[in-house]
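Dear colleague,

Please find below the structure I wished to pass on to you. My notes on it follow directly after.

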Amino acid sequence: MLDERRLAILVESAKYDVSCSSSGSKRQNTVGGLGNACFGGICHSFSPDGRCISLLKILLSNNCIYNCEYCLNRRSNSIPRATATPDEICALVTEFYKRNYIEGLFLSSAVVKTPDYTMELLFETVKKLRTEYHFNGYVHLKGIPGADRLLIERAGFFADRISFNIERPSETSLKLLAPQKNKDAIIAPMKMLALDKYYDTQLKRRKDFLPAGQTTQMVVGASPESDAHILKLTEYMYQNYKLKRVYYSSYVPTNFETSLLPYEQVPLIREHRLYQADWLLRFYGFTADEITGNDGNLSLEYDPKCAWAIRNLGLFPVEVNTASPEMLLRVPGIGVKSAYRIIQARKYAKLDFADLKRLRVVLKRAVHFITCKGKFIGNKNEYDIQNVMIAAETAENAEQLSMFGAESSKISALTGEL
Amino acid sequence: MIIFICDYKIDGLLSALFISFTENIKPEEVIDRATYQPRFDALIREIKTDKQSAERVKKALYKYAGDDVIAHLKVCLSSCNPKALSIAFNYARYILEMRKDISENLSQKCVSDFSYLVQRVLHERHIVSGFLRFQESASGVLYAQYAPDNDITSILAPHFLRRLGRTPFVIHDKKRNKIAISDGRAIKIDYTDLPATFALSENESAINDLWRRYFKAVNIKERKNTRQQDGYFTRRYRHYAFETWE
Ligand code: SF4
C-alpha cells in the first residue's frame, strides 16, 4: 500500500488540476466487481478551499523530465519526488472506494523518461484496475501529449474520460512557458478522440469508448489573453473536438523565480465569470461574440447573462406565457429548470407572478425582463437595472464562489449555471 | 372539518384515497395513526388499511399517472415533513380527480407541494450517497451509521448494493434504529439496535489515516474558501465524514 509520505507528495503535485467531476458515465457494475458510475456524479467531501472531492486525484509520478515554468513538478524545482506503482494506485482506489470516500480515480502523471513510457504506465494502471481489481467506478485519465496515438486509444477503452490540457489559451504563451510542449502534441490527440468512429451516431452517444468523453483545462491569468479570446477558443473546441467540458483554473503562483509569470494570484471571480459564460455557450444557445459584446473581458460586477440582457434591453420585456424556450432562457434569473417548469405549467393555465413564485422561479432579477399576463412590475431604466443586478450579486456574495460546488439553490459555482 | 386517520404506509394512504372517493369525502388533513393526538375541532374518520381497496386505487393511479407514481408517493411518505401524508394524499387525489398525469402542472399547490417534498427527500439521498462513510469490520462487512432528516434508508441501500456488489454491508439509521442489511445479493430492512462497538479490520485505521492525509494534501491553501465548504458540506452531514474533524 502507498505510504502517507508518497501519497502527500503525489497529491500535492496533482491538486492544481481543477477537473473534479465524476459525471457523464453510466458504467454498470459486473458480477463480482466493485463499483459503478453515477451519470450525474457524486461529491464525497469538500475541502477547505471549497472544492468538491469526488475522485482520488493523484499522479503516478511527479518526477518530470520537462521544465514548464508554471508547474510545481518542473525539473528545475527542488521539491520532494515520489513515484507509485500501478498496483499501489489500484489498491488505494479500491480501499477508498468501498468505504465510500470517492467515486473513482483521476490519474495523471509528470512525464517520466518519455511520453510513451508514461502513457504506457497510465494505461497499465487503468487496465489493471478494470481487469484484475474488477473496478467499475469512474476513471479519468490525463493524456500525455506526444504519446503514441495507439496507446491513447487503448486507454480510452478502459477509462471513462480522458483529458488533454490545453494549459495556456494561446500558442505564444504555451511556447514561452512550456517550451518542450507544442500545440500540435496537445491538439492531435483531442482531434483523434473526437473521431466519428467512436460514436454511435444513431444513439448519439459514445460506444464503449470513453463514455464520459474528453475535457480540457486552461489556466487563466498567467498570460495576457482576454476573456473574449478564451471564450472564442472554448467555443471552437466545443464545436470541433466534441468536448464535454472546458475547465478554467485561475492562476495561483507557484514559481517565484521567473519573470515570465505574474507573482499575483488571479481573483476567483474571473474564473467564476468564465464558468458562467461557458454555461451560456453550452446550454443557452449563446455565441462567444454575444457573451463578450464589444468588451474584451466579462463584467466582474454581474453575471454575463445579465450583462447581455442589459446590452439588449430593446428585446425585453418578454411575456412568460408566450415567449419561446430560447428566449425564456435568456432572461436573467431564469435557468434551465425554471424555464422547463414554466413551459410545462403554462400548458395548463396562464401564469401570473404568484404562479411563478409557486414554481420556485427566483424573480429578483427576472422581474425587470418579463411580463405575466401583460403585467410588468420591474424597472425599465438601464442605470437602475444595473444597480439592481449589482446589489443582487453583492447579496449573494458571489465573489466568494469559485470553481466548484454542487447545489442549485445557490449560483452553482460548479457549473456556472445561471 | 373532517380528518382522516390512517396507517403511515402506502397501503394506508391508498385505503384512505379509496374511502375518500367512494364516499365522496375530501378530508382537511390526513394524519398518521401512530402520532395522532386527540382533537375536538374536527370530525375524525379512522381508516382501516384494506389491501383490496388499496390495490384498486393503485391500479387507477398507474393507469392515469404512469409507472413511477407509487414510487414517488413512497418517497413523499419518507419525508420528515409532518404534513407529508396529507401532501401525498392531496396529490394522488388530484390525479384521480383529473384522471391524468398532472405532475407537471406545478402552478397547482398540491402538485408543487408534492414535487418539492419529493425533491427534498431525493436530494438528501443524493447528498448522503456521497457523505456516508463505511468502516470495514474484522469479518469483512462494511458498516455505516447516520441519522438522516428523512427516512431514506430503503431508497439509499439499493445504490450501495449496486456498487458494492458481493461485499456485504449494513447501513444503520441511528435516529430511527432502522437498518438495511445486504448479504451481497439482496437488501433486508429491519428495526433493531446494533452493538455500539465491533472489531475493525486490520488495516482500517491505516486506510482512515491515508484518507485524512489525502483530504489535507488536496486542499489548496492559497484559495481558502471555508464559506463555500460550509455551504455545500453542512455541519450535520460532516458528522460522518471523519476527514473533516479537527
Ligand atoms: S510536463 Fe506536466 S508535469 Fe511536467 S513540468 Fe510540464 S506541466 Fe509539469
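**Findings**

Lys98(A) and Glu136(B) form a salt bridge, with their closest N and O atoms 2.9 Å apart. Please bear in mind that this is a predicted model. The pair belongs to a network of salt bridges that links Glu95(A), Lys98(A), Arg99(A), Glu136(B) and Glu204(B). Across the interface of chain B and chain A the rule finds six salt bridges, and over all chains the count comes to 45.

**The interface of chain B and chain A**

In this interface, 57 residues of chain B are in contact with 73 residues of chain A. The two chains bury about 5,600 Å² between them, and 55% of that area is on carbon and sulfur atoms. Arg163(B), Arg223(B) and Tyr232(B) supply 16% of the area that chain B buries against chain A, more than any other three residues.

Polar contacts were also counted: 32 residue pairs across the interface, both residues at pLDDT 80 or more, are in polar contact. Four helices of chain B, namely H5 (109-131), H6 (153-164), H7 (204-217) and H8 (226-232), each supply at least two residues of the side that touches chain A. The largest share of that side, ten residues, comes from H7(B). By class, the side of chain B that touches chain A has 21 nonpolar, 19 polar and 17 charged residues.

**Chain B as a whole**

Chain B has nine helices and eight strands. Its C-alpha atoms fill a box of roughly 65 × 40 × 40 Å along the principal axes. Of the 246 residues in chain B, 49% are buried. Among the contacts in chain B with a separation of 6 or more, 65% are between residues 24 or more positions apart. The accessible surface of chain B comes to about 12,500 Å², and 50% of it belongs to carbon and sulfur atoms.

**Salt bridges within the chains**

Two salt bridges within chain B may be described together. Asp149(B) pairs with Lys175(B), the closest N and O atoms being 3.9 Å apart. Asp149(B) is partly exposed, at 24% relative accessibility.

In the other, Asp151(B) pairs with Lys178(B), with the closest N and O atoms 3.0 Å apart. Asp151(B) lies in the loop between E5 and H6 of chain B and Lys178(B) in strand E7, so the pair ties together parts that are 27 residues apart in sequence. Asp151(B) is partly exposed, with a relative accessible area of 22%, whereas Lys178(B) is buried, at 5%.

In chain A, Arg282(A) forms a salt bridge with Asp278(A), the closest N and O atoms being 2.8 Å apart. The two residues are separated by about one helical turn, because they are four residues apart in helix H8 (residues 268-283) of chain A. Arg282(A) is partly exposed, with a relative accessible area of 22%, while Asp278(A) is buried, at 0%.

**A buried alanine in chain A**

Ala366(A) lies in helix H14 (residues 363-366) of chain A and is buried, with a relative accessible area of 0%. Leaving aside residues up to four places away in sequence, Ala366(A) touches Val331(A), Pro332(A) and Ile334(A).

With kind regards

How values were computed. Residues are numbered from 1 along each chain as its sequence is written. Chains are lettered from A and ligands numbered from 1 in the order in which they are written. This is a predicted model: local features need pLDDT of at least 70, side-chain atom pairs count only at pLDDT 80 or more; totals for chains, interfaces and linings use all residues. Side-chain values use heavy atoms; hydrogens and water are left out. Contact means heavy atoms within 4.5 Å. Buried area is the accessible area (1.4 Å probe) that two parts lose on being put together, summed over both. A salt bridge is a side-chain nitrogen of Lys or Arg within 4 Å of a carboxyl oxygen of Asp or Glu. A polar contact is a pair of N or O atoms within 3.5 Å; within protein, one must be able to donate a hydrogen and the other to accept it, and residues adjacent in sequence count only if both atoms are side-chain atoms. Ala, Val, Leu, Ile, Met, Phe, Trp, Tyr, Cys and Pro count as nonpolar, Asp, Glu, Lys and Arg as charged, and the others, Gly among them, as polar. Buried means under 20% relative accessible area, exposed over 50%, partly exposed in between (1.4 Å probe, protein chains only). Accessible areas come from the Shrake-Rupley method with a 1.4 Å probe; for residues, only the protein chains shown count as cover.
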